[in-house]
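Thanks, everyone, for making the time this morning. I would like to walk through one model with you, beginning with a single chain and then turning to how two chains meet.

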Amino acid sequence: MNPVTLLRLGDADRGVLDLLRAELAGELGLPVVLSEATPDISGFFDQERLQFNSTGIVRLLHGMFAKDPPRAEVQDIRAPKVLGVLADDLFIPVLTFVFGEAQLGGTAAVVSYHRLQNERYGLPRDPARMMERLVKESLHELGHTFGLVHCMSQECVMHASTDVEDIDLKGDAFCRACKGAMESGRNDGVR
Amino acid sequence: MNKSNIGILVVDDELIVRESLTKWFHEDGYRVGAAENAAVALKKLQENGWNLMLVDIKMPGMDGIELLQRVREINKKIVVIIITAFAAVDTAVKALKEGAYDYITKPIDPDYLDHLVDKAIKQQELVLENEKLKDTVTELSAPADIIGDSEEMQKAMELVRTVAPTDTTVMIRGESGTGKELVARAIHAGSPRKFFPMVTVNCGAMTETLLESELFGHERGAFTGAQYRRKGKVELADGGTLFLDEIGNVDMKTQMDLLRVIETRQFMRVGGSEVVRSDFRVLCATNKDLEKAVREGSFREDLYYRLNVFTIWLPPLRARRGDIAKLAHFFLEKYSRAMNKPMRGFSPEAMHALKAFDWPGNVRELENAIERAMVVSPGPMIQKEHLPLDGAGPVMADGKRLEDVERSHIFQVLKECGWNVSRSAATLGIDRVTLYHKIEKYGLKRDQ
């Protein structure tokens, strides 16, 4: 079984990634390894927006870990998974920001904890709360790489969230339906 | 909401925008398509199943506004959201005027995008649901019970179809039991007011004070027992139709009140001082000789002219004997279902008797006769002896109003006595003046 690889991008905190690795392994039931590779993502920084282009980073990670070029359609769900984690803000050109981005049924995903920190909203620093949010968003983006779309259930980590309140409200694990879909996809390669 | 049934088409000349939005909605579970220009978008619109379009306003060739206009021509149900590079109020206003649901500026706040799309799709679902409900109401409110192939009935129904869609006041005239209320319902159902209520007031069934309160409602404490404010039928008919049944039986004071409310569409509740407005269409019905009542001064001439704008005369059943068989079978089927008693039909003798009878109580009497015959018939075939048409007497079914029974009985006695009023009065055990009053009250005529 292919492990999930975690990649520290930019100035992401090593301690945060260590904690994240353990949490993800527990929920996914898969080996999660923290890679020592530090790919250069500076080319994806937008000087005007002061954000990183998440689509570019996802493509870079795909190129590093997948054999085939990325496709628009759902790809091989059994492909190896890689999740890049960074502390800086992410965007896709048409949106003001994203918490993360993933290839649906593909290999690569990226997540940022920039907007998951309380201090960004004028609240006291709360590393534990930030970690909870990061675990949820990391599981969410990895769920997409396993072919899962957004789930209607607020109990499920695949529930869509466009602000931190949404993230706090939703559950921190896959619902039974999403877990089942993910496991069957992992086993036979279909969604 | 099953999002995989909802199609979103992204139209933008920038590949990155198409890819980003396609992916965004795909992750949300929607069925997503993309087009790089208006021409491709229009081609894709030939495929069914697009609910929402996100259209960039600035594209080479046909721009977003023009595409929006074309989409509105093709399919008004598709929700179009315009994407602009910067907030230009004039273009945004233009887009909204052309029928866009809303506009968003790039870069889009993801929370706002999700909220907007969700809201637009929910509203579209409500519109579609509303259309379906309206179709269902139209279907359910269709005047299915008006049966008659005879020329007289066909002419009456043609008039119903002509006048129904208008807001014209209609007076429906005909003997008791000819189906005046059904025709009123058909007119209401065929009018743009069909989604509002048709409120019926039986003017003949109430005393003067009761009718006033029934029509106009009352305020709390207006009279003993008025513990709450109560809306009257005129107020309840707001937006719909007010059907004044047996208008010829209304007393002079209420005639005056009715005239005022019909002319102004304004009134005051009993015991109230507030002027209440109500928008209603008036339909009325009578079996009385209103012209005679006007001549005699018992019916206001101004009210008569106000009500007698368009008249539909319903023929008595004996004047359309050709419809008796069809009506008889209709009622047989209706009560067969209601009683859960399978019936095959009528014996030739029974049908002959039905066709030969005069039916002074008209269709209502025929319906009662068939209901009663079904109760007493042991088998699936109605025989002549099951029909209560023996002798000259009309059918008196249980539950029939006393007035109907009295009318039929007086009519039969008059017929038996050759319309000799003195003999008829003696037979009935009443004086001649009373009989004259009854003849007038029930609109009885020798040639009926």
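Chain A exposes about 8,400 Å², and carbon and sulfur atoms supply 50% of that area; please keep in mind throughout that this is a predicted model. Of the 191 residues in chain A, 53% are buried. As for its architecture, chain A contains 5 helices and 8 strands, and if you follow the elements from the N terminus on, they run β-α-β-β-β-α-β-β-β-β-α-α-α. Among the contacts in chain A with a separation of 6 or more, 66% are between residues 24 or more positions apart.

Let me move to the interface. Here chain B contributes 21 residues and chain A contributes 20 residues to the contact, and about 1,800 Å² is buried between the two chains, with carbon and sulfur atoms giving 64% of it.

What about the polar side of this interface? Between chain B and chain A there are 9 residue pairs in polar contact, counting pairs with both residues at pLDDT 80 or more, and the rule finds 2 salt bridges across the interface. One of these joins the side chains of Glu101(A) and Lys23(B), at 3.2 Å from N to O.

On the side of chain B that touches chain A, the elements that give two or more residues are α1 (15-27) and α5 (110-140) of chain B, and α1(B) gives the most, with 9 residues. Sorted by class, that side of chain B has 9 nonpolar, 3 polar and 9 charged residues.

Methods
Residues are numbered from 1 along each chain as its sequence is written. Chains are lettered from A and ligands numbered from 1 in the order in which they are written. This is a predicted model: local features need pLDDT of at least 70, side-chain atom pairs count only at pLDDT 80 or more; totals for chains, interfaces and linings use all residues. Side-chain values use heavy atoms; hydrogens and water are left out. Helices (H or I, at least four residues) and strands (E, at least two) are DSSP runs, numbered from the N terminus. Buried means under 20% relative accessible area, exposed over 50%, partly exposed in between (1.4 Å probe, protein chains only). Contact means heavy atoms within 4.5 Å. Accessible areas come from the Shrake-Rupley method with a 1.4 Å probe; for residues, only the protein chains shown count as cover. Buried area is the accessible area (1.4 Å probe) that two parts lose on being put together, summed over both. A salt bridge is a side-chain nitrogen of Lys or Arg within 4 Å of a carboxyl oxygen of Asp or Glu. A polar contact is a pair of N or O atoms within 3.5 Å; within protein, one must be able to donate a hydrogen and the other to accept it, and residues adjacent in sequence count only if both atoms are side-chain atoms. Ala, Val, Leu, Ile, Met, Phe, Trp, Tyr, Cys and Pro count as nonpolar, Asp, Glu, Lys and Arg as charged, and the others, Gly among them, as polar.
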